[in-house]
Amino acid sequence: MQKLVLVLLVLFGSFSLTSAQNIKSPSDFLGYEIGTQFSRHHQVIDYFKSVANTVPNQVKLETYGKTNERRGLYLAFVSSEANIENLETIRENNLKNVYAERSQSTGLLDGEPSSTDIAIVWLSYNVHGNEASSTEASMLTLYKLLTEQQDLLKNTVVIIDPSVNPDGRDRYVNWYNETKSTAYDIDRQASEHNEPWPGGRPNHYLFDLNRDWVWATQVETQQRLAVYNKWMPHVHVDFHEQGINEPYYFAPAAEPFHEIITDWQRDFQTQIGKNHAKYFDAEGWLFFTRERFDLLYPSYGDTYPTFMGAMGMTYEQGGHGMAGLGILNDEGHVLTLVERLTHHTTTGISTVEMASKNAQKLNSEFGKFFNNSNSNYKSYVVNGNEDKLNRLKVLLNTHNIRFENPTSTKVSGFDYATGQQGSLSVDGSAMVVHSDQPKGKMVKVLFEPNTMLSDSLTYDITAWSLPYAYGLDAIASTSKVSSNKLAKRKSLQTLNDAYGYVSKWNSMEDAKFLAELLKEDFKVRFTEKPFTSKDKKFERGSLIITKGDNKHIEKMLSKLNAIAQDHAQPLTEIYSGFSQNTPDIGSPDIKLVNKQKVAILSGNGTSSLSYGEIWHFFEQQLHYPLTSINTDDFSNTNLDKYNVLILPNGYYGDVLNDDNMTKLKTWVSAGGKVIAIDGALRSFAGKEGFNLNFKPSEDVDNVEKNKNLTAYADRERESSNDLITGAIFNAKVDHTHPMAFGYDDNYFTLKLGSSAYRLLDNGYNVAYLKDTEVYSGFAGKKALQKLDDTLIFGEERMGNGSFIYMVDNPLFRSFWENGKLFLVNAIFFVNNNAYEL
């Protein structure tokens with residue numbers, strides 16, 4: 001029997017060795033030396049398929065979705081033959097450490113954690129499409145793991161995503177391949193080193209996928225998270241590139257670390273970094289650690305996994321979209337794609353090595369992470385608009401975060417609205433989210449009123465608290481609030497024949513309902529004043545669909561009922577145009593909504609991210625047509641075809657020259673409407689004919705400013721006094737203005753920078769800052785001093801039209817849900833006397 005076992009082992013070993021020898025290298029498969037050309041997405045996937053077909057007992061390739069441009073999203077599961085055979089058992093055992101029952105008093109596991117010594121390592125490549133060396137490295141990493149590093153696979157499962165953002169990658173690669181010289185040109189002024197707008201970094205809708213992990217607004221993120229949360233890896237690495245002059249960066253990360261990050265996570269980052277350094281030192285490669293890239297903002301490819309218990313890390317290779325196949329940098333070094341992918345391959349395998357050596361410790365510490373018994377706030381209670389609550393539920397469900405209904409009608413604790421201790425009356429639709437659940441640490445991160453900062457110099461925004469982002473009332477309680485399972489939502493009643501039907505107006509669901517009605521040629525009215533009918537008060541902005549207005553629609557009632565049911569939109573039937581309290585339905589204060597023709601500027605001068613936010617908003621959220629006009633074509637564009645022109649954040653100095661500015665003002669005076677967002681306001685501030693003006697910084701410290709005595713080493717930190725890094729402020733709102741219909745007299749705004757504009761002397765200050773204080777996030781003291789009496793949203797009339805100013809971006813990364821209705825109001829309600837085409 002022993003001889004038989006020995007023979008089988010020999011045969012098995014020979015078979016594995018033979019299989020490994022049969023694997024083609026990336027160079028052999030592609031037909032060119034890897035790194036001497038950029039591979040298109042389909043070539044990369046074809047290579048992974050080839051390897052999976054060659055060694056199906058060690059590689060399992062799965063598709064987990066498609067992009068907007070129909071490219072496949074894939075994961076390769078790479079391990080030993082035994083592990084691949086037991087892959088599902090390994091996954092299930094790992095999840096037991098996350099979802100195991102724990103003692104309510106100690107938070108510790110009831111019983112032993114699942115016994116497994118298998119480390120799960122997830123490697124994500126090319127989240128930014130023009131940081132393209134990493135996808136090339138994914139192929140070489142796969143090959144080396146299977147041919148040179150088999151021992152590491154005995155106790156690790158390596159999950160490889162070769163391209164998180166294939167749409168952006170192919171945009172870059174296709175451009176580069178058709179543009180580059182042969183041989184490639186190392187002169188950085190050559191066209192092959194200067195991408196055209198919008199570049200390959202973002203996805204189809206021009207979103208930065210590396211900032212979308214939590215908000216999950218994009219299809220790539222949504223599909224990836226569905227798999228990620230089924231696996232919950234112990235290690236996750238996001239491979240990136242930075243400027244051409246930067247050495248390689250790897251862990252440990254920089255401060256600030258979020259306070260929930262454990263001592264073990266900090267320490268193991270250092271251990272991994274030292275292991276990388278060993279290999280880089282041996283080759284004489286330069287690198288740096290503990291600088292620039294912090295672990296605070298939760299929506300990155302390093303922070304999200306970290307806050308889900310993993311060792312989340314970013315690795316940054318010099319290069320980026322400028323580098324191409326090779327470029328001469330400032331140090332006289334020709335940085336090549338071969339060099340870049342070699343570095344990424346080295347750190348990738350080094351990471352797997354460290355996971356393999358520490359598999360047991362990774363598992364045990366991973367299990368400990370989900371003990372949330374020490375959370376300060378035990379429950380977060382959220383109350384308010386039911387549509388907004390439902391949108392929040394969708395987000396929480398994406399991350400497997402549990403929520404219930406509170407059983408009490410009043411809760412006490414930290415009141416988000418006041419920033420102080422208080423109490424809140426709640427109704428049956430309110431929601432409670434407890435921190436004593438598996439994803440409790442992420443609950444703390446997303447709901448905490450104010451993030452604790454160990455360092456004010458951060459890489460991204462410092463505030464994102466969900467109650468503010470969704471426009472909901474909330475209490476954070478230090479004691480657990482009693483709750484039970486959510487009540488089922490009531491179904492809508494079928495509409496009866498009536499004079500008309502009234503819809504509320506206070507959420508994006510209402511906006512989507514309006515957009516659908518307009519696309520179906522319904523005539524819809526909205527009220528500029530509250531009115532009462534059937535003993536019910538309808539607030540400003542309420543939509544009114546009358547039978548008389550819509551005689552042109554065949555089977556109008558049936559069609560309206562179908563649209564209302566499809567949108568889960570409750571409508572109130574009214575049986576007369578005579579209101580109990582004016583205005584009556586035929587009043588001049590109740591106006592028809594124009595079926596607006598909306599255009600937006602795109603191309604050079606516009607921020608691709610800002611343009612993408614608006615493009616995505618119209619196509620995937622509002623579902624309303626939008627025409628994109630390239631800035632290069634603006635001079636020849638007939639603006640009379642449009643009612644509304646949106647200017648995303650951008651720099652329009654070249655576009656809005658004297659002739660084009662005159663053209664724009666003439667169009668607005670005739671009834672057009674311009675909506676300018678963020679940096680686009682600079683095109684009008686202080687210009688002739690406009691009331692918009694900057695508010696300059698006050699000279700708060702003349703001695704320091706004039707003598708310029710700040711030490712060189714302290715300049716960066718001193719400059720933070722002038723910065724606002726994504727902080728939340730409470731703005732005053734004139735909710736009687738059409739731009740603010742559906743809002744209360746306060747709005748929590750996310751301010752991304754320190755630009756400030758004076759209140760309009762002639763115009764409408766719809767939202768503004770007064771008695772300014774920071775509710776959440778970091779704002780430097782000098783930046784704060786100039787914010788009092790400054791504009792957030794405003795309207796300036798010009799002739800029959802309007803310029804609408806949005807100082808703060810209401811669509812930022814599409815996660816600031818409570819700002820979106822301001823934009824819809826600006827499009828459909830503001831200055832509704834504007835002409836209809």
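User: Where in the chain is Asn 358 found?

Analyst: In this predicted model, Asn 358 is found in the loop between helix H12, which covers 337-357, and helix H13, which covers 359-369.

User: Why is Asn 358 called buried?

Analyst: The relative accessibility of Asn 358 is 17%, and buried means under 20%, so Asn 358 counts as buried. Leaving aside residues up to four places away in sequence, Asn 358 touches Phe 268 and Gln 271.

User: What separates Tyr 172 and Tyr 176 in helix H7?

Analyst: Because Tyr 172 and Tyr 176 are four residues apart in helix H7 (residues 166-179), about one helical turn separates them. Tyr 172 has a relative accessibility of 0% and therefore counts as buried, and Tyr 176 is likewise buried, with a relative accessible area of 0%.

User: Which residues form one aromatic cluster?

Analyst: One aromatic cluster is formed by Tyr 248, Phe 250, Phe 280, Trp 285 and Phe 287.

User: What makes the contact between Glu 131 and Arg 201 a salt bridge?

Analyst: The side chains of Glu 131 and Arg 201 meet with an N to O distance of 3.3 Å, and the rule asks for a side-chain nitrogen of Lys or Arg within 4 Å of a carboxyl oxygen of Asp or Glu, so the pair meets in a salt bridge. Glu 131 lies in the loop between strand S3 (119-125) and helix H6 (133-147), while Arg 201 lies in the loop between H7 and helix H8 (219-231), so the pair ties together parts that are 70 residues apart in sequence. Glu 131 counts as buried at 2% relative accessibility, whereas Arg 201, at 27%, counts as partly exposed.

User: How many salt bridges does the count come to?

Analyst: By this rule, the count comes to 36 salt bridges. Besides such pairs there is a network of salt bridges, in which Glu 69, Arg 71, Asp 167 and Asp 170 are linked.

User: Which parts does the salt bridge of Glu 520 and Lys 559 tie together?

Analyst: The side chains of Glu 520 and Lys 559 meet in a salt bridge of 3.1 Å, N to O. Glu 520 lies in the loop between helix H17 (508-519) and strand S21 (525-527), and Lys 559 lies in helix H18 (residues 556-566), so the pair ties together parts that are 39 residues apart in sequence. Glu 520 is partly exposed, with a relative accessible area of 29%, and Lys 559 counts as partly exposed at 31% relative accessibility.

User: Why is Leu 328 called partly exposed?

Analyst: Leu 328, which is found in strand S11 (residues 326-328), has a relative accessibility of 36%; buried means under 20% and exposed over 50%, with partly exposed in between, so Leu 328 counts as partly exposed. Together with Tyr 184 and Ile 186, Leu 328 makes a nonpolar surface patch of about 220 Å².

User: What makes Leu 750 a buried residue?

Analyst: Leu 750 lies in strand S32 (residues 746-751), and its relative accessible area is 3%; the cut-off for buried is under 20%, so Leu 750 is buried. Not counting residues up to four places away in sequence, Leu 750 touches several residues, among them Ile 461, Ala 463, Phe 812, Phe 815 and Trp 816.

User: Which residues touch the most other members of the largest nonpolar core?

Analyst: The largest nonpolar core has 147 residues, and those that touch the most other members are Leu 392, Phe 447, Leu 560, Phe 618, Leu 622, Ile 675 and Phe 828. Apart from this core lies another, of 57 residues, including Leu 152, Trp 175, Val 235 and Leu 362.

Terms used: Residues are numbered from 1 along each chain as its sequence is written. This is a predicted model: local features need pLDDT of at least 70, side-chain atom pairs count only at pLDDT 80 or more; totals for chains, interfaces and linings use all residues. Side-chain values use heavy atoms; hydrogens and water are left out. A nonpolar core is a set of buried Ala, Val, Leu, Ile, Met, Phe, Trp, Tyr and Cys residues joined through side-chain atoms within 4.5 Å. Buried means under 20% relative accessible area, exposed over 50%, partly exposed in between (1.4 Å probe, protein chains only). Patches are made of residues with over 30% relative accessible area and no salt bridge: like charges are joined within 9 Å, nonpolar side chains (Val, Leu, Ile, Met, Phe, Trp, Tyr) within 5 Å. Accessible areas come from the Shrake-Rupley method with a 1.4 Å probe; for residues, only the protein chains shown count as cover. Helices (H or I, at least four residues) and strands (E, at least two) are DSSP runs, numbered from the N terminus. Contact means heavy atoms within 4.5 Å. Rings of Phe, Tyr and Trp (its six-membered ring) pair if their centres lie within 6.5 Å; planes under 30 degrees apart count as stacked, over 60 as edge-to-face and the rest as tilted.
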